[in-house]
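Please open the model in your viewer and keep the selection tool at hand. The tour below moves from one selection to the next and says what is to be found at each stop.

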Amino acid sequence: MNVLAWIVMAPVLNFATVGSAYILLSSGVHLPEMEFPSLLLLPVLAFEEEFIFRGPLTFIRPRFHVLGACVSSILFGLAHGSSWNILVQGVAGLTYCRVFFVAGKGMGGVAASACSHFLFNAAL
């Protein structure tokens with residue numbers, strides 16, 4: 001499967017499949033015919049992850065923002081591996097939650113947190 005097919009198909013694949021591809025790419029394992037696809041695939045994956053983990057925060061009351069951000073960040077860390085991932089991805093998730101709330105809840109917040117998520121991943 002070529003890089004263009006991955007980019008086109010990523011939004012329609014379920015999260016587990018896309019997440020598995022992301023974990024493979026970020027762990028240094030290369031999928032067939034994909035030597036440098038991560039920069040092309042990262043924006044799609046960042047948006048999908050932010051939509052899944054930050055999107056539901058749109059529906060919580062302001063007094064539960066801190067609790068929602070903590071739960072979302074813990075789940076975000078666990079989705080990236082073991083409980084040790086909470087230390088890195090969970091803290092990054094708290095940062096994305098902050099961006100989400102500052103930018104405004106809803107799709108604007110998801111887009112802003114997805115941009116920061118993409119920039120962080122691209123810097124790695």
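**Along helix 5**

Begin by selecting Asn85, Gly90, Ala92, Gly93, Tyr96, Cys97 and Phe100, which are the buried residues of helix 5 (buried means under 20% relative accessible area, exposed over 50%, partly exposed in between, with a 1.4 Å probe and protein chains only; helices are DSSP runs of H or I with at least four residues, numbered from the N terminus). Looking down the axis of helix 5, you will see its buried residues fall within an arc of 160°, so they line one face of the helix; the arc is that of the directions from the helix axis to the C-beta atoms. This is a predicted model, in which local features need pLDDT of at least 70 and side-chain atom pairs count only at pLDDT 80 or more, while totals for chains, interfaces and linings use all residues. Residues are numbered from 1 along each chain as its sequence is written, and side-chain values use heavy atoms, with hydrogens and water left out.

Next, select Leu87, Val88, Arg98 and Val102, the exposed residues carried on the face of helix 5 turned away from its buried side. Just after helix 5, stop at glycine 104, which takes a positive phi of about 110°.

**A salt bridge**

Finally, select arginine 54 and glutamate 50, which form a salt bridge with their closest N and O atoms 2.8 Å apart (a side-chain nitrogen of Lys or Arg within 4 Å of a carboxyl oxygen of Asp or Glu). Arginine 54 counts as buried because its relative accessibility is 0%, and glutamate 50 also counts as buried at 0%.

Methods
Helices (H or I, at least four residues) and strands (E, at least two) are DSSP runs, numbered from the N terminus.
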